[in-house]
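Hi everyone, thanks for making time this morning. I'd like to walk you through one structure, starting with a sheet and then stepping back to the whole chain.

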Amino acid sequence: METTVVTRSKRPFFKRLWVKIISITLMSIFLLLTAATAFLYWFATQPHPNVEGEKQMVQLQEEVSVIRDDRGVAQINAANLEDLFYIQGYVTAQDRLFQMDMTRRLAGGRLSEVVGEAALDSDIFFRTYGMHRAAPELIDLFDEETTMMVDAYSAGVTAYIEEAFEEGKQPIEFRILGYEPEPWTPIDSAIVVKYMGYTLSGNYRSELDHYLMVKELGEDAEHLIPDYHIDDKFPTIYEETAHIESPFLAEELQSLTAFAPAEHNGSNNWAISGEFTESGFPLVADDPHLGFDIPSVWYQTHLNLENDFHSIGVTVPGVPGVVLGHNTHLAWGVTSLSVDQEDLYLEQVHPEKPHHYLYDGEWEEAEVIEEVIEVSGGNQHIETVEVTRNGPIINNIINEEIEIGDTIGDTPYQAMSLRWTGREAGEELNGVLALNRSENAEEFMAGLDQFVTPGLSWVFADRDGNIGYRGQALLPIREHSNGMLPVPGWDPEYQWQGFIEPEDLPQQMNPEQGYIMTANNKPVDDQYPYEIGRSFHPYRAERLNEMIQSQIDSGEPFTIDDMKEMQLDFLNTQARSLLPILLEAIEAEIDSLSDKEKEGYDMLREWNYIESTDSGAAFIWNIWMDDIGHALFDELLGFEYSNQLAIHKALVDAHNHPEKILFADLQGEHHRELREFALTTFSQAIAKGEDIQGENIASWTWGEWHRMTIEHPLSSVWPLNHLFNIGTWEVGGSSNTPGAHSYNRETGNVNHGAGWRFVADLRSPDDMYDIVMPGQSGQLFSPHYDDQVELWLEGELQPMIYDKRSVEGTKVKTFTR
């Protein structure tokens, strides 16, 4: 009998049932993801502006052309002022509407309406601070042309809002949050101006710190409050409270600083006389430092009003005109003046009458304002704001309101108010037109006269060869205070005695040295007759000053390329001053260091103080310095204090002391040995470095820790961060280098620096260059959302095309009546 062997053939792998099922499932998921991605892309790109062709707008009087270059920068050509600014408002809203709405909501205390209770604390602060109450007074000072300008701009923004929402093409952020913005008004532009002033104020943070110091240390606190001239290398731009019980908890006062703008919101700018330049004309450079966001604080703007002015540069979305940049005749830039425009006042509350505060022996009734804050979801919060002659009572933000009859120890005061010059009416928007129209340095200087806020150091040059400087702000005259501590609000002697007249503000024209440089350093020497503040920053200015002076001494003429290199210089003069002091203190105990610590010590000893991305020494130095302020002051004061000049003073004083003692001017229990302090903090820095970058010290680099991711306002909500944010890049420098890149101390993320860089050669309007980071548009997936980042990282600038009509590849949109 034959046996038949049946051989079962195997099916090919891809014909097996389970493989088919998995393949079909994966393919379905892939197709669904592809479709979802395509839909998201289509959905997000619907709001992108149509930048070519023709569009009828019945609001116009005459035809307006808008020519966009390859960076998305729009040159607006118009025959009359109203048409020019109408289209500027419309075009700006096309690129930045969500940013504009967020700015007016933040400054006006109206974020809770769209984001809910998470923003309530912020809204309470800003409603109390009161920028929205000061804005109408700014409008009251508009001249006829400024009224036309702001009204037309507002109408243009509103036209875009109405069009976008009617057509279902609103920016994606409004769909995510589910709301439609209100029409834009002149009040909104005024609030944006005030908000920019607020971001460059914030002195009250220092006053709160000093107040807490006095409560802790009494009169000895004066030894911790530094003056600017700790070091004679720190350049200028040119040549009191009793120890009593406080009714305010230290933790509560510290919480108030959460709302203060970042310290040293700064910048660099300089102008160099044509005497020292290759072209024979002045050079101007500017790089304002603010927070890095998507989109940028700055919006590139190009305005050509026929037979009037032709300006190009940047503005803040919401503000019409060109704020920084150049016209046919001049170029200009700004830094923060870093002056004191705020004072805190201690207030005595009437024991029986509500809302009454003592002044000059009499009880005055404060203005009482019920601020109704709408919260998303239909809820309301009503904040009662009291405004005394000295400003709004701010401790109610952190404390429950003091009830009638309450007593708090034996304190002679029970409340605290805040006065800010930015609440005064100013003519900033009148001035914008004056600056754009200026034909020489004298006209430009005159156009600044009525600027109240922000307090800025303006540097400018004209084609006639003049270079000039003006520190412009509304600065109070204090006869009995230096502005460093809160003062009695009931005593007339502590009232402001008016304001410094424009002709007495810091200013100069064509200095003998042949250049002007500002980098938030002290604007005047110690002979200046007014007290204008002490929160100045020396380190970037010190480096810029030596670079400029060194090149002048060498006889090598300055070029545009020299200006660009200076903007990216990463030499840290703070490290150059303080690191030798700390290393000397450690040197006597070098044998007590571990092998890793010795390796880190050698890296620092051989360092050239340049904070390049590949520098391990820069990494060690910065994490060491990040904790030195805490190590110096937290235990001593009982709160966080990291003022860089105070740190500098403490270390230099200890180094110069015969016994190398920290805080030798304080009581004996506060004395510390510099040697022991340096050893302990250095060891902690090396241990922290290991936690961050591993045990191999030789592999540590500054860039591995110091990275930049640019974040969108909605990125705090996962997964929107993956949709909107861009990055990550390694970045050199720090807050103390001309190439200024401040960072989050906990994460290393670079979050602050020069969002706009600008260099100008006055030889010709065609010899001007700039860059905005990350890009011109705030619209997700726009080709101009992040197209300038890589060039910015490389330190490159792009030509500011002065006549885009003559350039190929531009996109032209014609608006007709």
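Strand 10, residues 342-347, pairs with strand 16 in the antiparallel sense, over six bridges. Two strands pair here if DSSP finds at least two bridges between them, and the strands themselves (E, at least two residues) and helices (H or I, at least four) are DSSP runs, numbered from the N terminus. Within this pairing, Glu-342 stands opposite Trp-420 in strand 16. As a reminder, strands of a sheet pair through backbone hydrogen bonds, either parallel or antiparallel. The sheet is an open one of three strands, in the order 16-10-19, with mixed pairing. Its edge strands are strand 16 (415-420) and strand 19 (487-488), each pairing on one side only.

A quick word on the basis. This is a predicted model, with local features needing pLDDT of at least 70 and side-chain atom pairs counting only at pLDDT 80 or more, while totals for chains, interfaces and linings use all residues. Residues are numbered from 1 along each chain as its sequence is written, and side-chain values use heavy atoms, with hydrogens and water left out.

Now, two single residues. Is Gly-468 buried or exposed? At 0% relative accessibility, Gly-468 counts as buried, where buried means under 20% relative accessible area, exposed over 50%, and partly exposed in between, with a 1.4 Å probe and protein chains only. Gly-468 sits in strand 18, residues 467-472. Setting aside neighbours within four places in sequence, Gly-468 is in contact (heavy atoms within 4.5 Å) with Trp-458, Val-459, Phe-460, Gln-508, Met-509 and Ile-516.

Asp-561, by contrast, is partly exposed, because its relative accessible area is 46%. Asp-561 belongs to helix 14, residues 560-567. Between Asp-561 and Asn-521 there are 24 Å in space, C-alpha to C-alpha, and the two are 40 residues apart in sequence.

Finally, the whole chain. How many helices and strands does the chain have? The count comes to 22 helices and 31 strands. The radius of gyration is 29 Å, close to the 28 Å that the globule rule gives for 817 residues, so the chain is as compact as a globular protein of that length. For the record, that radius is taken over C-alpha atoms, and the rule is 2.2 Å times the number of residues to the power 0.38. Along the principal axes, the C-alpha atoms fill a box of roughly 110 × 90 × 70 Å. Of the 817 residues, 60% count as buried.

Thanks, folks, I'm happy to chat.
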